[in-house]
Amino acid sequence: MYDFTPAELELIVNTMLKDYGLFFQPEKYSFVRQRLHSFALDAGISDYSNLVLRVSKDAELRRRLVEALVTNETWFFRHPKQFEILKREILPELISEGYGKIRIWSAGCSNGAEAYSVLFLLLEAIKASSSERTIDILATDISRRVLESARRGRYNLAELKEVDACRLSEYFERIDSESYVVKSQYREMVNFEKMNLFQDWPKQQFDIILCRNTMIYFKREDKKELSERFLKALKPGGYFFLGANESLDLNLYPSIDRAFENKSSVYKKSHMVPQKAEIFFATAGDMIKAMNLMEKNNLKFDFGENILDQDCTRSMILQEKHLERVLSIFQKRSIKIKEVKRHLL
Ligand SMILES: C[S@@+](CC[C@H](N)C(=O)[O-])C[C@H]1O[C@@H](n2cnc3c(N)ncnc32)[C@H](O)[C@@H]1O
């Protein structure tokens with residue numbers, strides 16, 4: 001039987017590394033070979049040298065090949081201890097301490113089970129706190145196939161094994177004895193997008209980023225670089241989740257406050273201590289005027305809501321009625337602020 005030559009295999013492995021960061025050690029080559037055989041069979045390609053040639057030239061074929069080489073295994077509430085921490089500690093803190101949208105990114109989301117699990121907990125936490133905070137969940141993956149399945153939201157019993165009966169009836173509709181579908185109003189709350197972590201990156205900053213069981217495919221240097229980018233994309237005080245068997249070397253990441261709980265693989269980005277922040281007061285009607293004035297004087301500034309997300313070495317325009325709330329948030333987070341009460345206008 002014809003097989004891939006070592007050189008052909010090497011070429012494919014190197015292409016996957018270059019384009020997608022997928023790193024296969026030589027001991028994984030038999031796995032790659034096996035997947036390539038199935039891929040060639042499915043694609044109806046019997047001439048393997050031709051497949052290798054096409055892979056180097058045809059971006060669409062490479063995209064399909066990467067789907068065949070990655071593992072998409074996932075299920076709801078995978079690594080339950082992390083979801084317990086999320087529910088018990090993180091979400092109540094995030095909800096009570098911030099303003100506006102809570103932004104979450106599930107990077108390497110596979111069929112969406114992870115993103116929906118977070119959504120359910122978040123909805124429950126918001127309801128329990130009677131808060132008016134809104135939700136923005138981005139879930140990304142390199143594979144179009146899994147993203148389509150995530151948008152459809154259909155799951156089998158094995159994937160739902162950690163979902164209790166209450167949540168099953170609240171968030172899902174039964175299709176048949178083997179499968180359920182996430183109700184459409186919940187499916188609409190997650191934004192699924194195709195994204196190659198080595199090429200694309202979201203513009204916004206997040207309260208929580210999950211990149212679990214995804215960087216296990218990547219080279220050590222790539223993992224380090226990506227982890228740095230993930231931490232940059234987190235708001236100060238935000239949380240970063242890795243898979244339960246993955247970890248960050250805390251010596252390499254000074255912006256990490258602490259591992260959230262020993263061996264949980266949940267990390268918190270520290271808050272910056274504002275050194276120079278000044279608080280100016282303006283009335284609601286004067287906000288635009290105040291903003292123009294700050295800009296004219298070349299002062300960096302933020303409105304009350306955003307200062308908590310930024311590096312805080314800036315000035316802040318606030319309606320006086322919000323002062324108490326903002327100061328109590330600073331106090332809770334042990335942030336010292338040099339408070340200069342000044343009326344801007
Ligand atoms: C094992 S799944 C993890 C799913 C989920 N995060 C979990 O922990 O259950 C890994 C996912 O990472 C995706 N992936 C691999 N390389 C990627 C890349 N370069 N960019 C984006 N996603 C990638 C794969 O398509 C796969 O769906």
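A residue is counted as buried if 20 or more other C-beta atoms lie within 10 Å of its own, as exposed if 12 or fewer do, and as partly exposed in between, with C-beta atoms placed from the backbone. By this criterion, buried residues make up 32% of the 345 residues in the protein. The structure is a predicted model, in which local features need pLDDT of at least 70 and side-chain atom pairs count only at pLDDT 80 or more, while totals for chains, interfaces and linings use all residues. Residues are numbered from 1 along each chain as its sequence is written.

The protein contains 13 helices and 14 strands, where helices (H or I, at least four residues) and strands (E, at least two) are DSSP runs numbered from the N terminus. Two residues are taken to be in contact if their C-beta atoms, placed from the backbone, lie within 7 Å. Of the contacts with a separation of 6 or more, 73% are between residues 24 or more positions apart.

Angles under 35 degrees count as roughly parallel, over 145 as roughly antiparallel, 65 to 115 as roughly perpendicular and the rest as oblique. Helix 1 and helix 3 pack at an angle of about 25°, with their axes 10 Å apart, and are therefore roughly parallel to each other. In this pair, Glu8, Leu11, Ile12 and Thr15 of helix 1 meet Tyr48, Ser49, Val52, Val55 and Ser56 of helix 3. The contact comprises 5 nonpolar, 3 polar and 1 charged residues; Ala, Val, Leu, Ile, Met, Phe, Trp, Tyr, Cys and Pro count as nonpolar, Asp, Glu, Lys and Arg as charged, and the others, Gly among them, as polar.

Helix 4 (residues 59-69) is approached by helix 2, the two axes coming within 9 Å and crossing at roughly 125°, which makes helix 2 oblique to helix 4. Val32, Arg35, Ser38 and Phe39 in helix 2 meet Leu65, Ala68 and Leu69 in helix 4, a contact of 5 nonpolar, 1 polar and 1 charged residues. The axis of helix 1 (residues 6-20) comes within 11 Å of that of helix 4, with a crossing of roughly 100°, so that helix 1 is roughly perpendicular to helix 4. Here Thr15, Met16, Asp19 and Tyr20 of helix 1 meet Arg62, Val66 and Leu69 of helix 4.

Alanine 43 is placed in the loop between helix 2 (29-42) and helix 3 (48-57). This residue counts as partly exposed because alanine 43 has 14 C-beta neighbours inside 10 Å. Its C-alpha atom is separated by 9.9 Å from that of leucine 65, 22 residues away along the chain.

Two loop residues other than glycine have positive phi values. Histidine 79, with phi near 60°, lies in the loop between helix 4 and helix 5 (80-97) and is buried, with 20 other C-beta atoms within 10 Å. Serine 110, with phi near 50°, is found in the loop between strand 1 (101-107) and helix 6 (113-129). Serine 110 is likewise buried, with 25 other C-beta atoms within 10 Å.

Serine 110 is also among the closest residues to the ligand, together with Thr74, Gly108, Ile142 and Arg212. In total, 25 residues surround the ligand, a residue being near a molecule or strand if its C-beta atom, placed from the backbone, lies within 6 Å of it. This shell divides into 9 nonpolar, 11 polar and 5 charged residues.

Conventions:
Axes are lines fitted to C-alpha atoms, for helices over the stretch in contact, and angles run from 0 to 180 degrees between N-to-C directions.
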